[in-house]
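Here are my notes for you on this one. Keep the model open beside you and go through the points in order.

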Amino acid sequence: MVKPGAQSHLEELSPGCLHATHTDETFTISHNVDACVYGVARGNTVPWQHTRTCNALNTIQATKTQKKYIVSPGPEYTAIVEISRNVYLYRCDKGQNEGDLCVVSLGDDDSEVVGVAARPECLLLLTEQSFFRIDI
């Protein structure tokens, strides 16, 4: 359930699941291999409208067997965070047929990721041993 005023929601993007962003005015639904993003349509007869498609994002996240979190601050990017070591940053811009995928390694830190916060300008990660800020 989406709580009013919540900062972000951590949800696995699996078939039929919703993923709400920090504004609580957009949500993502998995559709085949893609992730479709919808926003609230104000003053319209339709309660929401399709705003963009993140091509192949559902397929990408499905291949990450060590994923722990999937977070997004909004349209800027989506991050798939593994239990330890790797972070996958996926950008899908409106109107593009392809997304950009960037893999960020946490180096030799093998400790488990225990917390994550997505902001438009950065991704914050807390492991059992370290704190990371990844500038976007």
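1. Exposed, buried or something in between? At 49% relative accessibility, Asp-110 counts as partly exposed, because the exposed label needs a value over 50%. Keep in mind as you read that this is a predicted model.

2. Asp-110 has a partner: its side chain and that of Arg-85 meet in a salt bridge, at 2.1 Å from N to O. Look at where the two sit. Arg-85 is in the loop between β6 and β7, while Asp-110 is in the loop between β8 and β9, so the pair links distant parts of the chain, 25 residues apart. Arg-85 is partly exposed too, with a relative accessible area of 33%.

3. How many salt bridges are there by this rule? The count comes to three. As background, side chains of opposite charge can pair when their charged atoms come close. Another of these pairs is Lys-68 with Glu-112, where the closest N and O atoms are 2.6 Å apart. Here, too, distant parts of the chain are linked: Lys-68 belongs to strand β5 and Glu-112 to the loop between β8 (100-105) and β9, 44 residues apart. Lys-68 is partly exposed at 28% relative accessibility, and Glu-112 is partly exposed at 31%. Then there is Arg-133 with Asp-135, also a salt bridge, at 2.6 Å from N to O; both of these residues are exposed.

4. Now step back to the whole chain. You'll find one helix and 11 strands, and reading along the sequence gives β-β-β-β-α-β-β-β-β-β-β-β. Of the 136 residues, 40% are buried. Among contacts with a separation of 6 or more, 30% are between residues 24 or more positions apart.

5. What about the inside? The largest nonpolar core has 15 residues, and Ala-79, Val-81, Val-87, Leu-89, Leu-123 and Leu-125 are those with the most contacts inside it. Two or more residues each come from β5 (67-74), β6 (77-82), β7 (86-91), β9 (113-118) and β10 (122-127). There is also a second, separate core of 10 residues, which includes Ala-35, Ile-70, Ile-80 and Cys-92.

6. Pick Leu-89 and look around it.

7. You'll find Ala-117 in strand β9, touching Cys-122, Leu-123 and Leu-124 once residues up to four places away in sequence are not counted. Cys-122 is buried, with a relative accessible area of 2%.

8. Which brings us to the cysteines. The structure holds zero disulfides. Take Cys-36: the nearest cysteine sulfur is that of Cys-54, 8.5 Å away. Cys-36 counts as buried, at 10% relative accessibility.

9. The chain exposes about 7,700 Å², with carbon and sulfur atoms supplying 51% of it. Val-114, Leu-126 and Phe-131 make a nonpolar surface patch of about 290 Å². Leu-126 is in strand β10 and counts as partly exposed, at 40% relative accessibility.

Methods
Residues numbered from 1 in each chain as written. Predicted model: local features only at pLDDT ≥ 70, side-chain atom pairs only at ≥ 80, totals over all residues. Heavy atoms only, no water. Core = buried A, V, L, I, M, F, W, Y, C linked by side-chain atoms within 4.5 Å. Buried < 20%, exposed > 50% of the residue type's maximum accessible area, 1.4 Å probe, protein only. Helix = DSSP H or I, 4+ residues; strand = E, 2+ residues; numbered from the N terminus. Contact = heavy atoms within 4.5 Å. Areas by Shrake-Rupley, 256 points an atom, 1.4 Å probe, with all protein chains shown as cover. Patch = residues over 30% accessible without salt bridge, like charges linked within 9 Å, V, L, I, M, F, W, Y side chains within 5 Å. Salt bridge = Lys/Arg side-chain N within 4 Å of Asp/Glu carboxyl O. Disulfide = S-S within 2.5 Å.
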